[in-house]
Amino acid sequence: MHEYDPRTALVVVDVQNDFADPAGSLSVAGGDAIVPAVNAEIEAARTAGALIARTQDWHPPSTPHFQKDGGIWPVHCVRDTWGAELHPGLVADGPIVRKGANGEDGYSGFTMRDPVSGETIPTELEALLRERGVERVVVCGLATDYCVRATALDAARLGFETAVLAEAIRAVDLQPGDGALAIEEMAAAGVSVVASRSAA
């Protein structure tokens, strides 16, 4: 069982209607089922004085990230729409880090990538964590094989001790097994895959 303290941050990745709601445009199977587990983590983190940060895809109506504009994804999480809103069942706590607002590929909570030039741009998440003296990062949310994977790998690369909560993530599985491969890749990079409170 992992513990929270003021040197730990819980990063809740993209628990938004378009991913978590069955009616969402890029709905992740079982995405809504993780909300109680995520909320239990938020409560534990809050009680222990840990930082809680939430990430949110916040795309413009047209972006090279979308199929209609040459990308691979259906239109999703367009800013100021229902699909971009955080799931209504999610406990509201902590700052929100929005990504992809200028059309970038916003997979990681820490970095965005220009889909044309490939240039990587930081979000404000690392600065938030450094300001608080955070040393450990616990990641949960959607989806295992994209935004959770990218966020956890970036956290480890930036020198944070990083864990992912196995029961509080779900995969897109664009190709069958993508989620399992992502977990293997995270583990190989030094990310711990641990049980969430709801499974303990």
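Visitor: What makes two rings of Phe, Tyr or Trp an aromatic pair?

Guide: Such rings pair if their centres lie within 6.5 Å. In this predicted model, Trp73, Tyr107 and Tyr146 form one aromatic cluster.

Visitor: How many aromatic pairs does the structure hold?

Guide: There are 3 aromatic pairs in the structure. One of them joins Tyr107 and Tyr146, whose ring centres are 5.8 Å apart; the planes meet at 40°, so this pair is tilted.

Visitor: Where do Tyr107 and Tyr146 lie?

Guide: Tyr107 belongs to the loop between strand E3 (96-99) and strand E4 (111-113), while Tyr146 is part of helix H4 (residues 144-157); the pair therefore ties together parts that are 39 residues apart in sequence.

Visitor: Is Tyr146 buried or exposed?

Guide: Buried means under 20% relative accessible area. Tyr146, with 19%, is buried, whereas Tyr107, with 23%, is partly exposed.

Visitor: Is the pair of Phe110 and Phe160 stacked or tilted?

Guide: Planes under 30 degrees apart count as stacked. The planes of Phe110 and Phe160 are 25° apart, with 6.2 Å from centre to centre, and the pair is stacked.

Visitor: Which parts of the chain does this pair link?

Guide: Phe110 sits in the loop between E3 and E4, and Phe160 in the loop between H4 and strand E7 (161-170); these distant parts of the chain are 50 residues apart. Phe110 is buried at 2% relative accessibility, and Phe160 is buried at 4%.

Visitor: Which residue lies over the face of Trp58?

Guide: Arg98 does, at 3.6 Å from the ring centre.

Conventions:
Residues numbered from 1 in each chain as written. Predicted model: local features only at pLDDT ≥ 70, side-chain atom pairs only at ≥ 80, totals over all residues. Heavy atoms only, no water. Phe/Tyr/Trp six-rings, centres within 6.5 Å; stacked < 30°, edge-to-face > 60°. Helix = DSSP H or I, 4+ residues; strand = E, 2+ residues; numbered from the N terminus. Buried < 20%, exposed > 50% of the residue type's maximum accessible area, 1.4 Å probe, protein only. Lys NZ or Arg CZ within 6 Å of the ring centre and 35° of its normal.
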